[in-house]
Each structure stands twice: as structure tokens, then as C-alpha cells.
Amino acid sequence: MNYALVLLIILNLSVLGWNVVLAPARNNPDIPLTLPNIPELVRVDKVPGDAVYSSQLAPAQSSCFTIGPYASQQAALLVQEKINNYGLAVKMRAIRSMETLNFLVYIPAFASADEAQKVVDDMKRFDVKDALIIREGPYQNAISLGFFNNLTLAQRQAEYIRYLGYDARFTEQKAAREVYWLDYDEPFGSNTPVPAWSKAIDASTDVQKIPRACQS
């Protein structure tokens, strides 16, 4: 029997017994999971104004665009927030413009409503069903022959009524509305997907992305 091996085993068992049972307890401090004086990460909803990319401050070449028009201010604000959170400088502009509502086909105003009624009655022999006397407003005592969303349809209706022998005309009906455009800067060639964001936010909005001169 190898007495040296037996002695080595006894010594190891003695050391293990001492460490587990007989050795005095030591108060070792817990090892910190993080280094001291390191600030915690904080989630922010918006990129600070001084952290966004701007062509005025960028050292490299920039591309600058305007995108719109947005009929809804809320949709424009949501897209603006996406551009800003992406880290790009963006500015909203409101522009007042005239919007085409429809096209009115009509016969010009008569001296009185009675005269207009005689023409309406006469047109019944041609089975013209949409003839109505306009009772008030700038077209008072004129005869309305219908409203059309399409210019081509309005032209055809006017030509048909003229073919029947009446002085038919058409005019564009407009109303003022406010639309919104977004101006933004980006690094040259980055192709930020702003049009795709616009489509996702408001599928009914048909916007255009137009290059513009960057401000120096």
C-alpha cells in the first residue's frame, strides 16, 4: 500500500474540514454589480433639439427636402415626431390654399325665377332630370344642371345641354383650406423613409417629396 498517497488524502480532508467547520467566519463585502458613479440609462421620448442633424451644423454634405401637402395637421405632427425622433431637424409650415370641391354645370341667371322655371319646364321634353333653379346666392335665378367631381364629366354635360339649344356653362367650385408641409435635413444619400412613414400614418394622404435648397 502506498502510504504517501494515504497521507496526502488525510491532509486534504483535514484542510477541507478546517475550512468548512472550524475556520472563523469572514465578513466579505458583496462585490458590486456595477462600477460606482455611473449614471443610469434614461429613456427619452424625443431627441433633444441640440442633438438632431441639421444642414447648418453638419460638417459633411447634406440633402434637404420638403414633403407634403398634409390635409390633416395631426398627421403632419405624427410624421414630424417620427423625423425628429430619427435624429433629423424638421420644421412644419402651414399654407393656405384653394381646394377644388367640384364643378357646377349651369345656365346663367334669368331676370326672374318665373323665366327660369319656363326653361326648366321646357327642358323636361328632353328628359333632363337634374335641372334646378338656384334660389339664392351669386347664382340666384340660374339653373343648376348638376355638380361633378370630374372636369371631363362636367364638360360633357355642358356640351350635351348646349346641343339641346340651351346656354350651358360650367364653373369650378373652390374653398379655402390649410395644408401642412414638413422641411427636413438629412445626411447626403441617407434616403430617410419619410414617404413610407406618411403612408403608414395616413394612407389617404398623397404627399410629394421635393428637394429644396439647404440653408447655409
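The structure is a predicted model, in which local features need pLDDT of at least 70 and side-chain atom pairs count only at pLDDT 80 or more, while totals for chains, interfaces and linings use all residues. Residues are numbered from 1 along each chain as its sequence is written, and side-chain values use heavy atoms, leaving out hydrogens and water.

Let's start with the sheet. It is open and antiparallel, and its 6 strands run in the order E3-E4-E2-E5-E1-E6. Strands here are DSSP runs of E with at least two residues, and helices are runs of H or I with at least four residues, both numbered from the N terminus; two strands pair if DSSP finds at least two bridges between them. E3 and E6 each have a single partner strand, so one side of each is left without a neighbour in the sheet. Further in, E2 (residues 90-107) and E5 (residues 169-187) form an antiparallel pair over 16 bridges. Within this pair, Met-92 faces Leu-182 of E5.

Two helices join the picture. Helix H2 (residues 73-85) packs on the sheet and touches E1, E2 and E5, its direction making about 150° with that of E2. Helix H5 (residues 194-201) also packs on the sheet, touching E1, E5 and E6, and makes about 20° with E1. Contact means heavy atoms within 4.5 Å; axes are lines fitted to C-alpha atoms, for helices over the stretch in contact, with angles from 0 to 180 degrees between N-to-C directions.

With a disulfide taken as a pair of cysteine sulfur atoms within 2.5 Å, the count is 1: Cys-64 is joined to Cys-214 at an S to S distance of 2.0 Å. Cys-64 sits in E1 and Cys-214 in the segment after strand E6 (208-211), so the bond ties together parts that are 150 residues apart in sequence. The S-S torsion is about 115°, so this disulfide is right-handed. Cys-64 is buried at 3% relative accessibility, whereas Cys-214 is partly exposed at 32% (buried is under 20% relative accessible area, exposed over 50%, partly exposed in between, with a 1.4 Å probe and protein chains only).

Finally, the backbone. Most residues other than glycine have a negative phi, and most peptide bonds are trans. The bond from Gly-68 to Pro-69, however, is cis, with omega near -5°, and Pro-69 belongs to E1 (residues 62-70). Asp-127 has a positive phi near 60° and is exposed at 55%. Asn-141 has a positive phi near 70°, but is buried at 13%, in the loop between E3 and E4 (143-148).
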